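Visitor: I would like to learn how to read helix packing and nonpolar cores in a model. Please take one feature at a time.

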Amino acid sequence: MSVKDHFYSDLQKFIPFQQITHKKLHEYLFMNTASYSKFIRPLLYIIDLFVISSLADLCLYISIVDLVFIIAFWIILSIFLSFYKVYRFTKITAIVGLLSKQIIVLVLLIFSYLYITHASIHWTDVIHYFLSIFLVLNIWRIFLYEVFKKYRIITGSNYRNVIVIGANDLTGKLVSFFDTMPSYGYKFKGFFTDKGVADKLGSIEESFDYMASHAIDEVYCSVSELSDHQLKQFIEFCDIHMKNLKFLPDNKELFAKNLHLNYYDLIPVLSLRKIPLDDTLNSWVKRIFDVLIAVIVLVCLLSWLIPLMSIIIKLESRGPVFFRQNRPGIKEKGFYCYKFRSMQLNARSEDSASRNDARVTKVGKFIRRTSIDELPQFINVLLGDMSVVGPRPHLWKQNELYGTKISKYMVRHFVKPGITGLAQVKGYRGGIETKEDIINRTKYDIFYIENWSLLLDIYIMVQTVFNVFKGEENAY
């Protein structure tokens, strides 16, 4: 018997499988490297603390005691802010957002600590330290994020084997995600359903035997295809066999809500959605950001553009420079939305513009295509009626039409409307020509509301500017 055979023979004594083959044992030990993930977070902690300590020594020239306090601040903040609760499906914008929040609060704590201890460290050194760790840690995190993506694609390592229970449009989209996004590290093994669908691995009942005999890490169940008894079976089975169990909601072709768990004494209560902008701090951060952007646009752009557009619009057609229209805002409270007038005066202001609309002037076609007509809405931002980014304000007529026909349509009024929005940068701007247009627009609006962050706002703003220069088919 070779050394390799002795190695496998000895190891089989400690592996809880009977009659395991050399090939399967080799795969168990060396191929499925998902188990290495448990070492990533401790390693990140060590590297981050090394960076923080090294830069503190270079920028602040502090004592060992001061350094211990800074390290303690970082560890405590990481617990309270959940900084290291990052998963393979977490987006880079969320990672950078968490890191930025962590560093900003850390520096504020350092300022407070230095003030209390009367340390002789100049405030400019602390700012230098802040900029250094902000730059270094962000570059490091983005680099690591990209490395893991490439590593999973090239080596096939650091992956999780997954199966899907159910066969419908939602599970189809999930399977497509697994197949087209290998950088996230999911290996789709197949799906189980009681429907007569081709390519399935078996029935729902047969999935239990499959999971028991294969190295499956995560199970995704479509709630719409399981009875209460089957749900209980999956929960008990996955608990016993240590599988991660996840559910796909029965969302009727639309979108899932963020479910937020609270406890009333010992009673668990699920809220339908948790809106980040309901938090006072978040709403103030967004408001300050909105005002800052609006002031910059008004001073640097609209201060000379308004007189210029006044001349151009007046030369082509009679009427006011600005078009003012009452629109539904937050909580469906009406406000007057401002735009540069792009149409001839007409009695159909409650009708949306359509392709080749005869009401649109020559100048209007250009300013609508380039979104210049929307710029006066920065005045609405200063007045507090709108945000720079948010769901676009629809017509009252559209609210009446879609409010009861499109599920969850009215949720878009939980926040202020925006000059631009996620739906617009994803291609759903302009007129609503089909039911799919309004459904998809509502999907993106609600995703934005439930996942708001300042970084998401910045991304949408940058993408909006890019789209303006690239040109958009639906801009008319």
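Visitor: How are two packed helices described?

Guide: Two packed helices are described by the angle between their axes and by the distance between those axes. In this predicted model, helix H8 (residues 206–213) packs with helix H9 (residues 228–240) at about 10 degrees, and their axes are 12 Å apart. Angles under 35 degrees count as roughly parallel, so H8 and H9 are roughly parallel to each other.

Visitor: Which residues of H8 and H9 make the contact?

Guide: H8 contributes Ser207, Phe208, Met211 and Ala212, while H9 contributes Gln233, Phe234 and Phe237. Sorted by class, five of the residues are nonpolar, two are polar and none is charged.

Visitor: How many residues does the largest nonpolar core have, and which have the most contacts inside it?

Guide: The largest nonpolar core has 34 residues, and Leu302, Phe340, Phe378 and Tyr448 have the most contacts inside it. Several elements each supply at least two residues, among them strand E8 (334–340), helix H12 (377–383) and helix H16 (454–470). Helix H10 gives the most, with nine residues.

Visitor: What is Phe340 in contact with, leaving aside neighbours within four places in sequence?

Guide: The contacts of Phe340 include Leu302, Leu305, Ile306, Met309 and Ile313, as well as Phe322, Ile367 and Pro376. There is also a second, separate core of 30 residues, which includes Ile52, Ile62, Ile103 and Tyr113.

Visitor: Is Lys435 buried or exposed?

Guide: Exposed means over 50% relative accessible area; Lys435 has 56%, so Lys435 is exposed. Lys435 lies in helix H15 (residues 435–450).

Technical notes. Residues numbered from 1 in each chain as written. Predicted model: local features only at pLDDT ≥ 70, side-chain atom pairs only at ≥ 80, totals over all residues. Heavy atoms only, no water. Axes fitted to C-alpha atoms, helices over the stretch in contact; angles between N-to-C directions. Helix = DSSP H or I, 4+ residues; strand = E, 2+ residues; numbered from the N terminus. Parallel < 35°, antiparallel > 145°, perpendicular 65-115°, else oblique. Contact = heavy atoms within 4.5 Å. Nonpolar A, V, L, I, M, F, W, Y, C, P; charged D, E, K, R; others polar. Buried < 20%, exposed > 50% of the residue type's maximum accessible area, 1.4 Å probe, protein only. Core = buried A, V, L, I, M, F, W, Y, C linked by side-chain atoms within 4.5 Å.
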